[in-house]
Amino acid sequence: MLILGIETSCDETAAAVVRDGREILSNVVVSQIDIFAEYGGVIPEVAARSHLEVMMPVVKKALKDASCTWDEIDAIAVTYAPGLLGSLLIGTLTARTLAVVHNKPLYAVHHLKSHIYANWLGNTDKLPAFPLLALVISGGHTQILSMPAHNQFEIIGTTRDDAVGECFDKVAKILGLPYPGGPSIAKVAASGNPSKYRLPHPKIPELDFSFSGLKTAVLRAVQKEAGVPISYPSHKLKELLTPQQVADFAASFQKTAVDILAEKMKLALEKHPETKSVVIAGGVSANQELRNTFSDAFFPEPKFSGDNGAMVAAACYYEIQSGVKPTDPYKLNIYPRISIEN
Ligand code: KG4
Ligand code: ZN
């Protein structure tokens, strides 16, 4: 079964053709990172406009790279939630139109489900086994999910404030490192001392997370190191740090963030001893320090950690296997904030 997956929930315009949920025939991703690096973050209206400009060329390239015609496509899958409203609209309107014009069944896929199913992509011999625990860590989400079987999800832990990726992005800003913060922190952290600055672990009970306090703790530690009061403009702090101090802060922050995730997953495994696999997903799962720490877990190939169309097609394939029916292309709505449990 060949599925065309379309993803536009944030700042990547992506389309891919995947056979039977695993074999990647094409994977086209146009990132808006260069545009938003200039602003230090995503501007929703600009993101939507950029999606509109490249959406159809991206779909056409995905079909061309896969050497397949519309006749050979069995279904279209598209991200309908969660994400930026304008961005989701461009992807879903495109998918709805293509489904009607080419008379294909249309499937609406939740973005976090797609991130999880990135772990089934590719030619790996070993696949995650159920029941499993999934840690989804992205720019917008930090959640631990229990999955008893394909396409069944229960949220057992979630962040009470910022997502961990968002925290990487905000700490990078304080340190004067470019957007997106995750990769730039990881890069400079390589030459930093992770034990240089002691940062607190939040005392959040059970399996929930909090990352806003960690961001503030980094801010306070930088102010202290620079010898300025807390009223000092935070965008000017970077001018007071040496490259080595920046590297040490990046390494100390990265280690703390990874340790917090590891502690919660350890607790989750104690509470769910029946777990057969741990699956890590979402943009932050590209982080190498995290990969070293969770050495027994499943990770997507790094290029499938971030947003892409192949994971949407993979998630759709397993939805179809689980008996999910297509959606009405004339009625499909978008939901910027809906939970995976809906
Ligand atoms: O999944 P994703 O591409 O988009 C969302 O669905 O949010 O995740 C983007 C997030 C950003 O916050 C980015 O800084 C973070 O993933 N990220 C990383 C790394 N690469 C991307 N965080 C830590 N280490 C990385 N190597
Ligand atoms: Zn994502």
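Helices (H or I, at least four residues) and strands (E, at least two) are taken here as DSSP runs, numbered from the N terminus. The structure is a predicted model, in which local features need pLDDT of at least 70, side-chain atom pairs count only at pLDDT 80 or more, and totals for chains, interfaces and linings use all residues. Residues are numbered from 1 along each chain as its sequence is written, chains are lettered from A and ligands numbered from 1 in the order in which they are written, and side-chain values use heavy atoms, with hydrogens and water left out.

An automatic or database domain assignment supplies the bounds, and the chain is divided into domain 1 (2-122 + 302-321) and domain 2 (132-293). Taken over C-alpha atoms, the centres of domain 1 and domain 2 are separated by 27 Å. With contact defined as heavy atoms within 4.5 Å, 20 residues of domain 1 touch 21 residues of domain 2.

Turning to the metal, donors are N, O and S atoms within 2.8 Å of it (3.2 Å for Na, K and Ca), and since water is not among the atoms, sites may look incomplete. The zinc ion (ligand 2) has His-111 (NE2), His-115 (NE2) and Asp-307 (OD) as protein donors, at 2.0 to 2.1 Å. Along the chain, these donors follow the spacing H-x3-H-x191-D. Distant parts of the chain are linked in this way: His-111 belongs to helix H4 (residues 111-117), while Asp-307 sits in the loop between helix H9 (288-293) and helix H10 (310-321), 196 residues apart. Both His-111 and Asp-307 are buried, a label for residues under 20% relative accessible area, with exposed meaning over 50% and partly exposed in between (1.4 Å probe, protein chains only).

Asn-308 is found in the loop between H9 and H10. Asn-308 is buried because its relative accessible area is 0%. Polar contacts are pairs of N or O atoms within 3.5 Å; within protein, one must be able to donate a hydrogen and the other to accept it, and residues adjacent in sequence count only if both atoms are side-chain atoms. A polar side-chain atom of Asn-308 is 2.9 Å from the backbone oxygen of Gly-306, and the side chain of Asn-308 also reaches the backbone nitrogen of Met-311 at 2.8 Å. Beyond four places in sequence, Asn-308 touches Glu-7, Ala-14, Asn-27, Val-29, Leu-121 and Lys-303.

Ligand 1 is surrounded by 19 residues, counted when one of their heavy atoms lies within 4 Å of it. The closest are His-115, Gly-139, Asp-169, Gly-182 and Gly-283. One oxygen atom of ligand 1 is 2.7 Å from a side-chain N or O atom of Asp-169, and an oxygen atom of ligand 1 is 2.9 Å from a polar backbone atom of Gly-182. A nitrogen atom of ligand 1 lies 3.0 Å from a polar side-chain atom of Asn-287. On its own, ligand 1 has 560 Å² of accessible area, of which the protein covers 85% (Shrake-Rupley method, 1.4 Å probe; for residues, only the protein chains shown count as cover).

Ile-76, in strand S4 (residues 75-81), is buried because its relative accessibility is 0%. Pro-243 belongs to helix H8 (residues 243-271) and counts as exposed because its relative accessibility is 71%.
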